[in-house]
Each structure stands twice: as structure tokens, then as C-alpha cells.
Amino acid sequence: MNPLIKSSIKLNCDLGESFGAWQMGLDAQVMPLIDQANIACGFHAGDPTVLVNTLTLAKHYQVEIGAHPSYDDKQGFGRRSVKMQSDELKHLLWYQIAAVDGVAKSLGVELSYVKPHGALYNDMMASPALLETVMQAVASYHKPLKLMLLATSSAAEHRLLAKRHQLELLFEAFADRRYKSDGSLTPRSQAGSVLDHQAALAQVQQLLQNGTVKSDTGNSVTIEADTLCVHGDNPAAVALVQSIRQLLVKP
């Protein structure tokens, strides 16, 4: 855990998403500010050298390491759904998780959790059957790993399902996304789905103080989050992370 943290909620960010000469994100600026790094596994972004460099950064700043697997969709950045049999998806997840796990081990650090990326994450939250497949895949990996998923009104059901698989969950909230009344995220295709700097800070403040967020209809939605997702893919996003970090270190 980052030694600056004085709050019970952690910050996580999707990192390691560059590929060759194509640069994505501002990883070196973001890594010192966060507690958990969701590192691309090569199927939506990332490559072996980017993976090593990102893990080395995480090791330097003592940031907890998570694998960020996706559908096999590098052309679409993992944002397109892919129909797969349960066993195919399980094997795809094992393959990607093992890549991060193996390189991390070679660098002297440990993988501790898994957070699916993009369309896989959204599909998992929308489909109980797919969520169970993902849980089975993570739970049957050769060492214990936690699964990160969206904190919604179905959190109690998700805990029960995870308990059957002897799987520990990490529930996450989003700093800069508008919520719906059921605790799900407003689709990016809808106007107002992404909050500006001040609105995002207000949402984080409300979450920290009251354990709630304001939905798109104006009502308060209870969110029991272990971790807060932030983005660091542009200077404005990094500035938001810095502001959120300041909120979290206040006594």
C-alpha cells in the first residue's frame, strides 16, 4: 500500500496500455499517486517490454499489482464483446493472468488481484452466468487472487456467489462516471456520463463522507467500495488524480 494513504479506500488505475511506439497514458506520473495498478495483459493493449516497465514502476512505488485481462481484441482496445464458450474464456483469462504473474514474479513482486477490462468487465456485470465463469477462472488459478468488480446494489448477491467459489472480492467505485439508480454506470454514449473535474471531486467527497453517490435521476445510491477507479490517460486526468489523492490524505 502506498505509504501516503490515510483512508480506508484505495485508488486504482488502468496502466501498461502502451504498445510499441504507440504511447497510451501517463503511467510514470500516475503510479506515485495510486495504490493499485491494473496492468494490461497484452490482449487489448500492452506488450512484453511495456509490461516489464510498468511492473518495475509499481515495484518502485510499492503499488499493489493487478492483472487487467480482456477479450482478444487489440484492434478494438478490448471494447467489443466477443462470444466465447465458458472454457474458452477461462483459458483466455488464465493465459493473461499468468503472463502478468510470471513477469511480476521474475521482478520480485507478487500479483494480488484481477480486474477484467472494457467489454469483458461490462458483460460480466450484466450477465450472472458470465460473472460466474470469471469467478471460476480466478478462483481456480494456481494461487489465491482477488477479483475486482463494480460495487452495485447487487453486491450482496455477488458476495454470496464469490463465497461459493472461496473467492475474495474487491468492490470498486468510479470517480468520474455518472451513476444510475441501481449503482451501475451510465453508458459513455449518453450525455453527461463522464463528470468534469469539480463534479468528480464532489462525487468522491460524497462517497468518502456518506458512502453514497448521486445518480442520474438525482437520488442518492449507497456504494460500499474498497477501491476507487481513476484514469490517467491525459494531463487533465492526472490533475484529477492529484486532487483526489489530496482528499484521501486529509485527516
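Biologist: How many aromatic pairs does the count come to?
Modeller: Keep in mind that this is a predicted model. Rings pair if their centres lie within 6.5 Å. By this rule, the count comes to 2 aromatic pairs.

Biologist: Is the pair of Phe43 and Tyr95 stacked or edge-to-face?
Modeller: The centres of Phe43 and Tyr95 are 5.7 Å apart, and their planes make an angle of 65°. Planes over 60 degrees apart count as edge-to-face. So with 65° between the planes, Phe43 and Tyr95 are edge-to-face.

Biologist: How many residues apart are Phe43 and Tyr95?
Modeller: This pair links distant parts of the chain. Phe43 is in the loop between strand S2 (36-40) and helix H2 (48-60), while Tyr95 belongs to helix H3 (residues 86-106). That puts them 52 residues apart.

Biologist: What about Tyr121 and Phe174: how far apart are their ring centres?
Modeller: Tyr121 sits in helix H4 (residues 118-126) and Phe174 in strand S6 (residues 169-174), 53 residues apart. Tyr121 is buried at 6% relative accessibility, and Phe174 is buried at 8%. Their planes are at 75°, so the pair is edge-to-face, with the ring centres 6.4 Å apart.

Biologist: Which residue has its charged end over the ring of Tyr121?
Modeller: Here we look for a charged end placed over that ring. There is one 5.8 Å from the centre of the Tyr121 ring, and it belongs to Lys115.

Biologist: At what angle do H4 and helix H5 pack?
Modeller: Leu120, Asp123, Met124 and Ala126 in H4 meet Pro128, Leu130, Leu131 and Val134 in H5. The residues of this contact divide into 7 nonpolar, no polar and 1 charged. The axes of H4 and helix H5 (residues 128-139) are 5 Å apart, and the angle is about 115°.

Biologist: Which residues touch the most other members of the largest nonpolar core?
Modeller: That core holds 72 residues. Take Leu228: leaving out residues up to four places away in sequence, its contacts include Phe174, Val204, Leu207 and Ile244. The residues that touch the most other members are Ile34, Leu228 and Ile244.

Biologist: What distance separates the C-alpha atoms of Lys180 and Val221?
Modeller: Lys180 is in the loop between S6 and helix H7 (197-210), and at 32% relative accessibility it counts as partly exposed. Lys180 touches Val221, among others. The two are 41 residues apart along the chain, and their C-alpha atoms are separated by 8.3 Å.

How values were computed:
Residues numbered from 1 in each chain as written. Predicted model: local features only at pLDDT ≥ 70, side-chain atom pairs only at ≥ 80, totals over all residues. Heavy atoms only, no water. Phe/Tyr/Trp six-rings, centres within 6.5 Å; stacked < 30°, edge-to-face > 60°. Helix = DSSP H or I, 4+ residues; strand = E, 2+ residues; numbered from the N terminus. Buried < 20%, exposed > 50% of the residue type's maximum accessible area, 1.4 Å probe, protein only. Lys NZ or Arg CZ within 6 Å of the ring centre and 35° of its normal. Axes fitted to C-alpha atoms, helices over the stretch in contact; angles between N-to-C directions. Contact = heavy atoms within 4.5 Å. Nonpolar A, V, L, I, M, F, W, Y, C, P; charged D, E, K, R; others polar. Core = buried A, V, L, I, M, F, W, Y, C linked by side-chain atoms within 4.5 Å.
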